[in-house]
Amino acid sequence: MIEKKIISKRFDKIDPYSIADYIATGGYKSLAKAMAGQRINILSEVEKSRLRGRGGAGFPVAIKMMALAKEAALVKYIVCNADEGEPGNFKDRAIMEKDPHSILEGMIITAYATRATKGYIYIRCEYDKPIEIMRHAVEEARKNHFLGQKIDKIDFDFDIEIRLGAGSYVCGEEFALLESIEGKTGRTRVKPPFPTSVGLFGKPTEINNVETFANIPVIIGMGGDEFAKIGTKSSTGTKLLSLSGNVNNKGVYEIPFGVPIKTVIDELGGGVPDSRALKMVQLGGACGPIIPRYLLDMIIDFDRFDEFESKTGSGAIIVMDDRCDIFDILLRNVTFFKHESCGKCAPCREGHNQLERLLRKFVDRKATITDLISIESLARVMHQTSLCGLGQTSPTSIISTLRYFRDDYIDRLESLEV
Amino acid sequence: MTLESMIQKYPASPEYLVEALRDYQMAKNDHSVTESEIVKIAKYFNVTESKVCSVVSFYSFLSEKPKGRYVIRICRDVPCFVNKSESILKTLETRLGIKPGETTPDGLFTLEYTGCLGQCDHAPAFRINDMTYVDLTPDKVKAILSEYREEKS
Amino acid sequence: MMVNLKINNIDVTVPENTTILDAAKAYNISIPTLCYYPDLRINSDCRICSVEIVGKKGLSTSCSTIVQEGMQVKTHTPRVINARKTITELLLANHDADCTACAKNMNCELQKLANVLGIDENRFERVLEVRPIDDHNPSLLRNPNRCIKCGRCIDVCRNIQGVNVLEPLNRGHEIIISPPFGKYLTDEFCTFCGQCSSVCPVGAIIEKDETAAVWNVLHDPQKHVIVQVAPAIRVSLGEELGQKAGTIVTGKLVSALKLLGFTKVFDTDFTADLTIIEEGNELIKRITTGGVLPMITSCCPGWINFAETYYPEILDHLSSCKSPQQMFGALAKTYYAQKENIDPATIFVVSIMPCTAKKYEAKRPEMGSTENNLDVDVVLTTREIGKMLRQMGVEFENLPETEFDEPFGKTTGAAAIFGTTGGVMEAALRTVYEIVNKKPLESLDFMEVRGMEGIKEASVNLGGKIVKVAVAHTLANAKKIAEQIKNNESPYAFIEVMCCPGGCIGGGGQSYGTTSKTRKDRLASLYTVDAAMPLRKSHENPDINKLYADFLGSPLAKLSHELLHTKYKAKHRHQ
């Protein structure tokens, strides 16, 4: 078995509407353990675990947590980013639908460790079922005194509010998300300052992905050192994968870091349907690299993904068979980002419009060598100069295909003359 | 439900502007908000009308333009695309006689694109108002549309 | 604390918290910028000022990145230059770049940037979606096809002025910067302060150009064309014509306007003195008869528009005095017409103002003292008169000094300082103090009301009673004052409000590139003008006294009331 279920251990085994089920399966034990000890111990366990953010960028969680803990402000926030909108990602939906309290428990432990005073869960409004389940879970947690005032009868007040988006992918970017919670358009802010010093409503704020929070009770439960033994040197623990595309068994799978992508596709995904050949795989989502078959031995690991300079580590694996045309795929991606760009910074606002036009020329076999040079240059400039993660990562699929599928571009040129 | 009773469910603080707008529009048959409603909303949440307009025009689920009774939002991203979402779109276009961005003459359906719905393990998918439909096939789409048409008549 | 770093391998030492942009500037390294504007918030939206920081992935914007010890910055590597060029090409591909048909030609920051970067072709397809031009108000013209979404107008309107008319609508490449509901810019929301036009880097928001009308009328033998010049112009026109900020050019500007062909060149300072007499008496009357207090000045049309639109409940607090511009217009077509025996219908009054809202004010239907005839026919901004003088080829610096014409030429130092924040207050206090206390002031300089602080306060002894006064500039500060009054919490008897930063010296019609530094230079010069005047109190202006004796009667009397006072009306849109 290549799966290792520690985050998904309760999936389909408990009733997500039942806090009793959660408690009966060891739930909220980590919270009790955390609150029985010193706050600093929680920070040190997380540090020892070497947990990295599960949203995709893989930022060390302990650094954010300690930064928040150090802030002297009386009001501090914890925000759970449940605005899962990256095409090809649905693992946060699975956690919310199948084990909602694990997220709450992670948030409460984080709040206790950092002395945060309030938590927000920002869920995209398209996620009707997760919204319903999370709302119910918060209610139940309140009734059971895991949320509210004097949690566990000690001097610790913490409550969670669920806030919903209104249809905007870029609100998954941390500052855009905070702006949206504040009731504004989801346009990012200039950084620094980072959210841990000036975040939601101007207060210190730690923002983590759903899966990241779900890891916290696990780490406190087994201890940071034990957790760090799972996975690889650079990427500890497990990863929930969203497997989709041309694959027989689409779905969410949990594996320890270090498993090769090929193994996931073949053994968990059951390979490509209709006896077709696998042509390429996009990692991380629309903002991730597209890699060819010969790279599928690559293991799932943050450091290994570093070279793509994108949010590759979210765990999305989109499999495409040999009927897929690279330029159709690239055009879909760019159209998506063009539609979702907030329009604040120039390279992203204007760049996607031009990328789309250039790609359409490749789709229509009307491209010239100048177009090839332009698309490459533009993709790199957008990657280097855009203000937020959207414009910085959206060109990744183009940059990676220019590297691995360059011949496909050349084949599409109308002529080879300049 | 009146505008007043709807927005007053929310504290009169600018932070609830986005959610109140979305809630209100979901409840309205034409899924949109008018100028006079924006004036009232701006006043209640103590923000300028410019801010409200900016927010309404920013989020996909908010609109100043009236839409059909049922808004169909179809995903066109890669995981759905490689699972034949084009055939779903074609079926919708043929059955409804409209293209994305348009509303049927009877005001019943509006067809739009949406960003990924996070249902890639059950692609292709679309939403009709606040219901998500997955594992779609052309036949399934035809049946769904008939259901909505019947519900209306 | 000082920070050491290297920029382009040069050792640089600057105070901590300095941006890379400023650090480079201090060492004569010029990093191009586009959305950046001194005094406005750093958006870092255009990304033009991107630089390389050794060891950092991607590029960093120098306007928003603070220097760090040991940092190594490269400002002009091929990668950086290519990025700047690419972004500029992207902007140009979505811009109405018909430069020679643009009012901002040679004054456009995008054009300059393209030139500095050496852009001679554009790799990108033209993607401009042409939208209608907005000319639905008398002050400002919006051309959305030239907008590059830099965000400066939004910031100045939202944060400096607190009006927030302009916001981005839509997202991504579909963004437009627009009044609410995608409407045209009208008095439904806008005050026409014109600060947006003053900071716009391109020709997307400009003042409505009326120079053609003035050229035509100057050569119409049927017209008697006269001009009035606002207090702030004498310290800003020189700058518009290439001189140092704050250069005092009073005499030359009279000569220049004569060269253009104006029959008479008058000074709005004269009616500023008159305003002080009328407004001062109004204040004394309100204080002594239990009238509505605090009384607020009404010289600034941007402020009047703001109050009528957003604070209709405080309109009773506004002085009923017309602005000096409109008092001048009314007198020109009555007193002056009679005196010179000219048919008022043939008199054409041009104003030179640092202001775009004055264009709107002149077009108010109630501003006509004679039949079917507005008192002020055309208002030109500093920028427009500068343009006419350039078109005429006037060698401004070599012109002789000429005096303003009679009967609206003799003025006082009190009137000169009308052009800065605190100036109207100081001028009023000089007069009101002496009228009420019946003794001369020991010092004419009311230092508490001078300077750039947003809201200034002072106390004066009027007839044994200590009266508190306040001075506010920018509409964001005016809003605070208005809120206090609305909530019955205002401790003041008299308030001066000017809507632009620094008052008229920072007006929306002033030269491009106005910053807090140039505003300070202009402000200092106005106080220099004041100090050098033989008369510094409005009530000592002999020609004002003559005007009352020969024509008006007395302050606030019937004719004064008819010609020099006005009424305000609430715009109920926002009630």
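## Chain contacts, helix packing and local features

The contact between chain B and chain A takes 32 residues from chain B and 50 residues from chain A. The model is predicted, and every value here is computed from it. Between them, chain B and chain A bury about 3,300 Å², with 53% of it on carbon and sulfur atoms. The size of an interface is often given as the accessible area lost when the parts come together.

Five salt bridges are counted between chain B and chain A. In one salt bridge, the side chains of Arg332(A) and Glu86(B) meet at 3.1 Å, N to O. The count of residue pairs in polar contact between chain B and chain A is 21, with both residues at pLDDT 80 or more. On the side of chain B that touches chain A, the elements giving two or more residues are helix 2 (17-27), helix 4 (49-58) and helix 5 (78-81) of chain B. Helix 2 of chain B gives the most to this side, with four residues. By class, the side of chain B that touches chain A has 16 nonpolar, seven polar and nine charged residues.

Chain A also meets chain C: 30 residues of chain A are in contact with 33 residues of chain C. Chain A and chain C bury about 2,800 Å² between them, and 53% of it lies on carbon and sulfur atoms. Of the area that chain A buries against chain C, Arg349(A), Gln354(A) and Gln384(A) supply 21%, more than any other three residues.

Three salt bridges are counted between chain A and chain C. The side chains of Glu125(C) and Arg357(A) meet in a salt bridge of 2.9 Å, N to O. Across the interface of chain A and chain C there are 15 residue pairs in polar contact, both residues at pLDDT 80 or more. On the side of chain A that touches chain C, helix 13 (326-340), helix 14 (346-363) and helix 15 (369-385) of chain A each supply at least two residues. Helix 14 of chain A provides the largest share of that side, eight residues. By class, the side of chain A that touches chain C has eight nonpolar, 13 polar and nine charged residues.

| Salt bridge | N to O distance |
|---|---|
| Arg332(A) and Glu86(B) | 3.1 Å |
| Glu125(C) and Arg357(A) | 2.9 Å |
| Arg10(A) and Asp99(A) | 3.1 Å |

Over all chains, the structure holds 93 salt bridges. The one between the side chains of Arg10(A) and Asp99(A) has an N to O distance of 3.1 Å. This pair links distant parts of the chain, 89 residues apart: Arg10(A) is in the segment before helix 1 (19-24) of chain A, and Asp99(A) is in the loop between helix 5 (91-98) and helix 6 (100-114) of chain A.

Within chain C, helix 9 (residues 268-289) and helix 18 (residues 542-552) pack at an angle of about 70°, with their axes 10 Å apart. Helix 9 of chain C and helix 18 of chain C are therefore roughly perpendicular to each other. The residues making this contact include Phe270(C), Leu274(C) and Ile277(C) of helix 9 of chain C, and Ile544(C), Leu547(C) and Tyr548(C) of helix 18 of chain C. By class, the contact of helix 9 of chain C with helix 18 of chain C has seven nonpolar, no polar and three charged residues.

Helix 18 of chain C also packs with helix 11 (residues 324-340) of chain C, at an angle of about 75° and with their axes 12 Å apart. That angle makes helix 11 of chain C roughly perpendicular to helix 18 of chain C. Among the residues that meet are Leu331(C) and Tyr335(C) in helix 11 of chain C, and Leu547(C) and Phe551(C) in helix 18 of chain C. The contact of helix 11 of chain C with helix 18 of chain C divides into five nonpolar, two polar and two charged residues.

Some backbone features remain. Most residues other than glycine have a negative phi, and most peptide bonds are trans. The peptide bond from Pro192(A) to Pro193(A) is cis, with omega near 5°. Pro193(A) lies in the loop between helix 8 (174-181) and strand 4 (205-209) of chain A. Glu406(C) and Pro407(C) are joined by a cis peptide bond, with omega about 5°, and Pro407(C) is in the loop between helix 13 (382-392) and helix 14 (413-416) of chain C. Lys150(A), a residue other than glycine, has a positive phi near 50°, and is found in the loop between helix 7 (128-143) and strand 3 (159-164) of chain A.

Methods
Residues numbered from 1 in each chain as written. Chains lettered and ligands numbered in written order. Heavy atoms only, no water. Contact = heavy atoms within 4.5 Å. Buried area = accessible area lost by both parts, 1.4 Å probe. Salt bridge = Lys/Arg side-chain N within 4 Å of Asp/Glu carboxyl O. Polar contact = N/O pair within 3.5 Å; in protein donor to acceptor, adjacent residues only side chain to side chain. Nonpolar A, V, L, I, M, F, W, Y, C, P; charged D, E, K, R; others polar. Axes fitted to C-alpha atoms, helices over the stretch in contact; angles between N-to-C directions. Parallel < 35°, antiparallel > 145°, perpendicular 65-115°, else oblique.
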